[in-house]
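User: I'm new to reading protein models, and I'd like to learn how the labels are decided. Could we go through one together?

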Amino acid sequence: MVEAPVGWQCPECTREGAKRSRQVPAFTHTGPGRSGVVGSTNPTPVVLVIVAVNVVIFFLEGFGNNVSVVRRFAMWPAAVYLRHEYYRAFTAMFLHANFVHILFNMVALLIVGPAVEVLLGKARFSALYLIAGFGGSVGSYLLSTPNVAGIGASGAIMGAYVVIGLRRHLPVTPVVLLLAVNLAIGFSGDIDWRAHLGGLVTGSVLALVYDYAGSLRDRTAEVAVTVGASAVVVALLALVLTGVAPGHFNLG
């Protein structure tokens, strides 16, 4: 028999109770100012590093006015396909066209990013940001006109929070509204909505898998699912980037 808070329980009952109890993902580290809820989570280390990197690069690209830098590192489908400049799929996510562009992206990241980082942990959050950014570039590559370059981050972090929030019953309405505004802006003007869409889909899928992995009781299984899913997503995106010519799915 096993001693319980009230009386005694048999070992079988204890095991069944453990199975029914809700498991908190192992990589969630909540605390004062870090509840994992948007609006009540303070800025976190990885988010601050990402913001700093984007600001420094924005300075180096002449606040969006250095055309040579933009041409060299933007997601230009024709250059990726004809010159095999695959690095553009990663460098493009750190470029911004102007002050309004970087301001909106960084504010959105500072609002939503800390909550996602707390919920997923630093390593998984970093992986999600980079892989989803890659997914955004692939979306731009696949759906854009081949001779048009795209730059900027995507709405991946917002999509990730919505997915995790729905799984954990967290308030998601403010982020859904922010995401809707983000998409609406993307469909107007010169913003690359294709990158937003690619990042949103990639980030949402990864968030779902990462959050599921965190609920597994076995640490080895948790790591295996996380690493395996990341590798599969990267491989699929790389396959599209290297095996499909741009323009076939051009949506204007």
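Analyst: Happy to! Keep in mind that this is a predicted model. Let's start with a pair of charged side chains: Glu 222 and Arg 219 form a salt bridge, their closest N and O atoms being 2.9 Å apart.

User: What makes Glu 222 and Arg 219 a salt bridge?

Analyst: The rule asks for a side-chain nitrogen of Lys or Arg within 4 Å of a carboxyl oxygen of Asp or Glu. For Arg 219 and Glu 222 the value is 2.9 Å, so the pair meets the 4 Å cut-off. Both residues sit in helix H11, three residues apart, which puts about one helical turn between them.

User: Are Arg 219 and Glu 222 buried or exposed?

Analyst: Arg 219 has a relative accessible area of 52%, and exposed means over 50%, so Arg 219 is exposed. Glu 222 has 1%, and buried means under 20%, so Glu 222 is buried.

User: Which other salt bridge does Glu 222 form?

Analyst: Glu 222 also pairs with Arg 124, with the closest N and O atoms 3.0 Å apart. Arg 124 lies in helix H7 and Glu 222 in helix H11, so this pair ties together parts that are 98 residues apart in sequence. Arg 124 has 12% relative accessibility, so Arg 124 counts as buried.

User: How many salt bridges are there by this rule?

Analyst: The count comes to six. One of them joins Glu 85 and Arg 88 at 2.6 Å, N to O. Glu 85 is buried at 14% relative accessible area, and Arg 88 is buried at 2%.

User: Why is helix H8 called largely enclosed?

Analyst: Eleven of its 13 residues are buried, so the rest of the structure largely encloses H8. Among the buried ones are Ile 157, Tyr 161 and Arg 168. Just after H8, His 169 takes a positive phi of about 65°.

User: How do you know that the span of H8 agrees with what a helix should have?

Analyst: The expected span is 1.5 Å times one less than the number of residues. For the 13 residues of H8 that gives 18 Å, and the end C-alpha atoms are 18 Å apart, so the two values agree.

User: What makes a group of residues a nonpolar core?

Analyst: The residues must be buried, of nonpolar kinds such as Leu, Val or Phe, and joined through side-chain atoms within 4.5 Å. The largest such core here has 46 residues, and Leu 109, Leu 128, Ile 157 and Tyr 161 are among those with the most contacts inside it. Helix H6 (99-120) gives the largest share, nine residues. Leaving aside neighbours within four places in sequence, Leu 128 is in contact with residues including Ile 157, Ala 160 and Tyr 210.

User: Why is Val 56 called partly exposed?

Analyst: Val 56 has 47% relative accessibility. Val 56 is found in helix H2, and together with Phe 59, Leu 60, Phe 63 and Phe 99 it makes a nonpolar surface patch of about 540 Å². Helix H2 (residues 45-60) gives the most to this patch, with three residues.

User: And how many helices and strands does the protein chain have?

Analyst: There are eleven helices and two strands. Of the 252 residues in the protein chain, 44% are buried.

Notes: Residues numbered from 1 in each chain as written. Predicted model: local features only at pLDDT ≥ 70, side-chain atom pairs only at ≥ 80, totals over all residues. Heavy atoms only, no water. Patch = residues over 30% accessible without salt bridge, like charges linked within 9 Å, V, L, I, M, F, W, Y side chains within 5 Å. Areas by Shrake-Rupley, 256 points an atom, 1.4 Å probe, with all protein chains shown as cover. Helix = DSSP H or I, 4+ residues; strand = E, 2+ residues; numbered from the N terminus. Buried < 20%, exposed > 50% of the residue type's maximum accessible area, 1.4 Å probe, protein only. Contact = heavy atoms within 4.5 Å.
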